[in-house]
Amino acid sequence: MEFETGRSPAIQMTPRQRWSIALSYLLLAIGFALGVNQRDSALNQASIYSNLEAGFTASYPARWLLEESGAYVFRVRDMSHRGFNTVIEVSTAPVGADTSERNILDQLSLQRSQTLTDYTVLGYAPYPLPDDSRAVSMSYSFVARDSSPFQEGLSAVVNGLDILSIRRGQAVIVAFRAEASIYRRELETLRWFIQNLEF
Amino acid sequence: MSSGIRFQSNPEQQGAYSILPVWRRLVSLLLVLAAVLLIIVLVGQFLEVRFDPRFERVAALALTPFALLLWLFISVLPEYRTERPRRRLIGVAVVSALTASAIGLPLAQDFMRISEWLPLQSVFQRVLGYSLSAGVIDTGLKFVVLRYLIYPQALRVRSDAIAYAAASAMGYSAFLSVAFIWRLTPAWDIAAVYLLANLAVQLASGLFIALGIIESYFSDAPLLVLPVNIAVGALAGGVISALLGGFLSGPLTTAGNTARPLLTFAMLLAALALTLGTVYFLYSNSERREREAYMSGWAPDGI
């Protein structure tokens with residue numbers, strides 16, 4: 001046991017100490033605001049994708065992974081998310097003169113119902129594009145499982161939204177998919193992506 | 001403020017009370033805890049002993065209560081053998097843990113979404129990011145807890161602030177450790193590293209908060225001393241958090257990348273030693289200066 005030099009326990013705080021505490025709160029608030037600012041700039045940092053051959057220019061979140069090898073023109077995925085990675089996929093398909101948007105969406109649904117588990121179409125709606133033209137959207141859901149059967153983990157319910165627009169004899173399909181739990185939040189990214197998509 | 005200071009030349013004659021020494025107890029606690037966790041890491045690394053996953057999960061979760069029990073036995077229970085114990089230690093730890101649960105973790109995880117953007121940044125950005133997000137949140141919340149529970153009503157001597165800051169760090173880090181281990185279900189040895197990492201981060205920031213409170217309250221230091229110490233606390237937590245990911249993940253090779261718990265453990269011990277050494281140096285220096293200033297005002301006859 002040690003004896004330490006003692007001090008009166010009934011000391012009140014001086015005005016300087018009170019100001020010091022107030023200044024500390026102010027500093028913490030400023031630090032927090034700077035942190036939010038850094039978060040926003042990191043989350044909203046964009047990269048530009050340009051494909052002159054297919055006629056696409058797009059901005060996508062810089063932290064997402066860009067892929068071009070597949071049955072699509074390009075797709076970007078949020079690899080930082082655990083579980084199902086949020087994805088925006090842009091693809092094109094040739095269309096005949098009398099092919100309607102609904103025909104193409106139905107064809108997509110038929111293909112997906114054979115490859116995706118518990119695929120269900122939730123509805124169709126018009127989708128306004130930034131150039132004031134109208135596209136058609138189809139919302140759906142399915143259950144995603146890990147591709148490796150040896151990986152542990154639960155299946156995830158995924159919500160999807162296809163935005164289809166027919167231009168210059170081809171259908172442009174922007175397919176967006178995200179885990180149901182974060183779907184609404186991630187829709188903001190899709191809206192921002194569509195705003196900056198040129199084709 | 002100086003009028004309130006009352007050092008006693010002869011404690012027994014002038015009614016000084018016995019107070020449990022803080023630094024020795026804190027270092028003992030860290031040494032015992034680090035030794036036990038090191039054994040777990042070494043067993044996991046070199047003997048490659050693997051138990052049933054359910055047992056490993058329970059054992060990993062049990063590490064946190066073990067650390068709290070160590071703290072109780074080494075730092076808290078001996079208090080009650082003194083004349084004037086620090087009665088709010090458990091209260092501070094519990095409130096800090098509840099604060100981490102109710103505000104700290106949701107704010108860092110769901111609002112700041114740290115895991116989505118910070119790990120991908122450069123080292124400098126990570127240090128800055130962790131300091132301004134998790135660092136500010138953790139340090140701020142611990143400061144608020146200490147401000148309203150002990151500052152100034154429970155401060156009698158300088159070491160009180162250190163003891164309460166350590167209690168706050170123990171409580172806060174205990175909740176974070178349980179949450180991480182519960183969610184990520186790491187192997188036993190990695191859970192040991194997580195536990196030490198959380199404690200190192202929270203203790204580093206907590207000790208700097210304590211230093212700021214000590215300087216502000218006992219030395220009536222200039223206005224900026226407390227805020228600067230809080231900022232240094234947030235930075236210290238940020239630096240350790242930023243380094244943690246880089247140290248724990250090994251380089252990517254053709255065989256994949258493996259965790260490096262031993263290297264991370266060494267880094268955390270070095271960070272703890274550096275923080276404790278720095279804070280102790282500043283603490284003793286400040287105490288010595290005040291003692292000298294007071295003694296120089298004494299007449300030779302001690303009056």
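Over which residues of chain B does pLDDT stay under 50? I looked this up before anything else. It stays under 50 over residues 1-15 of chain B, where the model has 18 contacts beyond four places in sequence. I note that pLDDT is the predictor's confidence in each residue, from 0 to 100, and that a contact means two C-beta atoms, placed from the backbone, within 7 Å. Where pLDDT is low, the predicted coordinates should not be read in detail.

**Conventions.** This is a predicted model, in which local features need pLDDT of at least 70 and side-chain atom pairs count only at pLDDT 80 or more, while totals for chains, interfaces and linings use all residues. Residues are numbered from 1 along each chain as its sequence is written, with chains lettered from A and ligands numbered from 1 in the order in which they are written.

**Confidence.** I read a mean pLDDT of 87 for chain B, with 89% of its residues at 70 or more. Within chain B, strand β1 (residues 18-19) has the lowest confidence, a mean of 81, and α3(B) the highest, at 96. For the complex, the predictor gives an ipTM of 0.86 and a pTM of 0.79.

**Chain A, overall.** I found three helices and ten strands in chain A; helices (H or I, at least four residues) and strands (E, at least two) are DSSP runs, numbered from the N terminus. Along the principal axes, the C-alpha atoms of chain A fill a box of roughly 90 × 45 × 30 Å.

**Chain A, strands β8 to β10.** I traced β8 (residues 134-144) to β9 (residues 156-167), which run antiparallel with nine bridges. Strand β9(A) also pairs with β10 (residues 170-179), again antiparallel, over ten bridges; pairing requires at least two DSSP bridges. The hairpin of β9(A) and β10(A) has two residues between the strands, and A:Arg168 there takes a positive phi near 45°.

**A:Leu164.** I placed this residue in β9 of chain A, opposite A:Val136. A:Leu164 counts as buried because it has 22 C-beta neighbours inside 10 Å; the cut-offs are 20 or more other C-beta atoms within 10 Å for buried, 12 or fewer for exposed, and partly exposed in between, with C-beta atoms placed from the backbone. Beyond four places in sequence, its contacts include A:Glu101, A:Ile104, A:Ala135 and A:Ile173.

**Helix α2 of chain B.** I checked residues 53-76, a helix of 24 residues that reaches 34 Å from first C-alpha to last, close to the 34 Å expected; the expected span is 1.5 Å times one less than the number of residues. A kink of about 25° lies at B:Leu63, shortly before B:Pro65; the bend is the angle between axes fitted to the seven residues ending there and the seven starting there. The buried residues of α2(B) include B:Leu63, B:Ala67 and B:Trp71, and among the elements covering the buried residues are α1 and α7 of chain B.

**Backbone exceptions.** Most residues other than glycine have a negative phi, and most peptide bonds are trans. I noted that the bond from B:Tyr151 to B:Pro152 is cis, with omega near 10°. A:Asp118 has a positive phi near 55° and is exposed, with 12 other C-beta atoms within 10 Å.
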